[in-house]
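User: I am new to this structure and would like a close look at a single part of it. Please keep the account plain and tie that part to what lies around it.

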Amino acid sequence: MIHTSSFQGIEKTIGMRSQKILLVEDEKNLRSVLAAILEAEGFSTTQTESAEDALAVMAGELPVLVLTDQRLPGMSGTELLARIKERWPRIPVLIATAYGEIEQAVQAIKAGAEHYLTKPVDEGELVAIIRQALSCRGHTIPPRSQDLPRHGIIGESLGTLEILEMINLVAPAPSNVLITGESGTGKELVARGLHVASPRAHAPFLAFNCGAIPLDLVESEIFGHEKGAFTGAVRSQAGKLEMAGSGTLFLDEVGDMPLAMQVKLLRTLQEREYTRLGGNQPLRFAARIIAATHVDLAKAVEAGSFREDLYYRLNVIPLHIPPLRERREDIAPLVRHFLRRVCTELGRPEVDIATAALAAMEAYSWPGNIRQLENIVERLVVLNRGGTILAADLPNEMRTTETERILPFGGAYDLHAVEREAVLSALNKAQSNKSQAALLLGISRKQLHTRMKNLGLVVDREDVSGGEKL
Ligand SMILES: Nc1ncnc2c1ncn2[C@@H]1O[C@H](COP(=O)(O)OP(=O)(O)OP(=O)(O)O)[C@@H](O)[C@H]1O
């Protein structure tokens, strides 16, 4: 069976659909996942379940690249490779083999495959290999999502690029948006991006945090109040809904809004009309409502603490921001961005970061997400003296073995390899002088020795207090 597909949203954004990749994979789910990844990158795909179908497709229309599974129901991936290379030697072929089938991968490379991928296929790796294979052959690569306006949103992960694409797609519409994500993931930043990219950009963006505020105050802040509405209301005051005009009202922590206020907000959204606290004059409003929450609103609905009807009113367009630990590729660019920003703000010369320190940050779980990362980078810069942040400068929790345990991506991110590389590079720079290498890594000489032993870099017994050279 032959399937073709395209990702409508992305297509609209990127407006380019010329580079066709042929996917040969008999597992339906995996095929869809691979297709989605490639389409998010701006390619289009033709998918077949067997090598025989793939050859039939190629007889009609040639793809720019073929990605095939090794194990297929009839003809194998390597056989398909041979047939393709016979007839179309210039078309790059990538073969995906199961973990542990390295022998077959080697054979495939010998038979002319551009590259092999081991399953489970790592997204970043897949995209990088494909882009590389195509650019080597002089193909124009589809523009990447980074070309979209960034609105101050740093990051290269698929999760971040998808958010940028969503902002681009959703901004022009008047629809309500519900942004979900853990605390510190950038919900407000995304809301501001939606505002700036919208035709409302010339009007105000007003943010209001609904968390832990008593009913009267929430009501007065959002709807405004008339003079004498409550003790201390000495004059009439417009609310945020009015002040936002034709701009955007961002309701943060909407899950914490008191139930009585939820009823009023629902009515307001339905009727596009409200009254100030203590007033009876109906007022219309034009602002777009973007709400955000770190709690699972669907669960709050089940638990009875959030109104279901309001949930659906707000959640016209859901936009979920994944936690930082699920988009680790963003950590390095974010660290570098905040390093530059903090140094500029403090008027200090640029501060660098050692590979081992960055690796530890990339492996850490970041429960406080980007806000936590931002604060830590600031602290590291303020306390830094040598011009380079070393692993030893990091907070303890980032240097524990805990970070190794939580490593994601089924081994796609290999801390062991990163650490080994960092240790070897330091030893190289220090010309095998362990005291100096330890200094470069920001750890003690004894710690270096232990690490080297764990990494299999030391075979013989060694006196850690003695001889300097390896
Ligand atoms: N992708 C990003 N690139 C650059 N800065 C970011 C990014 N995401 C978040 N930030 C920064 O991290 C900090 C926290 O972001 P923000 O306040 O938008 O998070 P939030 O999800 O709204 O947090 P909360 O749920 O606690 O209100 C801000 O200083 C913001 O500018």
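How many of the 10 residues of α8 are buried?

Analyst: The model is a predicted one. In it, seven of the 10 residues of α8 are buried, and the helix is mostly covered. The helix runs over residues 187-196. Its buried residues are Lys187, Val190, Ala191, Arg192, Gly193, Leu194 and His195.

Next comes what lies over them. The elements that cover the buried residues of α8 include the helix α7 and the strands β7 (177-180), β8, β11 (248-252), β14 and β15 (317-320).

Of these, α7 can be described in some detail. Helix α7 spans residues 158-170, and its axis comes within 8 Å of the axis of α8. The two axes cross at roughly 35°, and the crossing is right-handed. On the α7 side, the residues that meet α8 are Ile163, Ile167 and Val170. On the α8 side, they are Val190, Gly193 and Leu194. Sorted by class, this contact has five nonpolar residues, one polar residue and no charged residues. Val190, Gly193 and Leu194 are also among the buried residues of α8.

Arg150 is 40 residues from Val190 in sequence, yet their C-alpha atoms are 9.8 Å apart in space. Arg150 sits in the loop between α6 and α7. It counts as partly exposed because 14 other C-beta atoms lie within 10 Å, while a residue needs 20 or more to be buried. The loop between α6 (123-136) and α7 also holds His151. His151 has a phi near 50°, which is positive although the residue is not a glycine. With 18 C-beta neighbours inside 10 Å, His151 is partly exposed.

The helix also has a place at the ligand. There are 18 residues around the ligand, and the closest are Ile154, Gly186, Lys187, Glu188 and Ile370. Lys187 is one of the buried residues of α8 as well. Both α8 and α16 (369-383) supply at least two residues each to the shell around the ligand. By class, that shell has five nonpolar, eight polar and five charged residues. The ligand lies between domain 2 (158-320) and domain 3 (328-454), because both domains give residues to the shell.

Some of the elements that cover α8 can be followed further. Strand β8 (205-209) is also among the elements that cover the buried residues of α9. Helix α9 covers residues 215-223, and its buried residues are Val218, Glu219, Ser220, Ile222 and Phe223. Besides β8, the cover of α9 includes β9 (224-225), α10 (240-243), α11 (259-271) and β12 (273-274). Just after α9, Gly224 takes a positive phi of about 85°. Arg272, in the loop between α11 and β12, has a positive phi of about 55° although it is not a glycine. Arg272 is exposed, as 10 other C-beta atoms lie within 10 Å.

Strand β14, another part of the cover of α8, runs over residues 288-293. The loop between β14 and α12 (297-303) contains Asp296. Asp296 is partly exposed, with 13 other C-beta atoms within 10 Å. Its C-alpha atom is separated by 8.2 Å from that of Gly255, which is 41 residues away along the chain.

Last, the whole protein gives the setting. It has 20 helices and 17 strands. Of its 470 residues, 38% count as buried. Among contacts with a separation of 6 or more, 69% are between residues 24 or more positions apart.

Technical notes
Residues are numbered from 1 along each chain as its sequence is written. This is a predicted model: local features need pLDDT of at least 70, side-chain atom pairs count only at pLDDT 80 or more; totals for chains, interfaces and linings use all residues. A residue is near a molecule or strand if its C-beta atom, placed from the backbone, lies within 6 Å of it. Helices (H or I, at least four residues) and strands (E, at least two) are DSSP runs, numbered from the N terminus. Ala, Val, Leu, Ile, Met, Phe, Trp, Tyr, Cys and Pro count as nonpolar, Asp, Glu, Lys and Arg as charged, and the others, Gly among them, as polar. Domain bounds come from an automatic or database domain assignment. A residue is buried if 20 or more other C-beta atoms lie within 10 Å of its own, exposed if 12 or fewer, and partly exposed in between; C-beta atoms are placed from the backbone. Two residues are in contact if their C-beta atoms, placed from the backbone, lie within 7 Å. Axes are lines fitted to C-alpha atoms, for helices over the stretch in contact, and angles run from 0 to 180 degrees between N-to-C directions. A crossing is left-handed if the near helix is turned anticlockwise from the far one by less than a right angle, and right-handed if clockwise.
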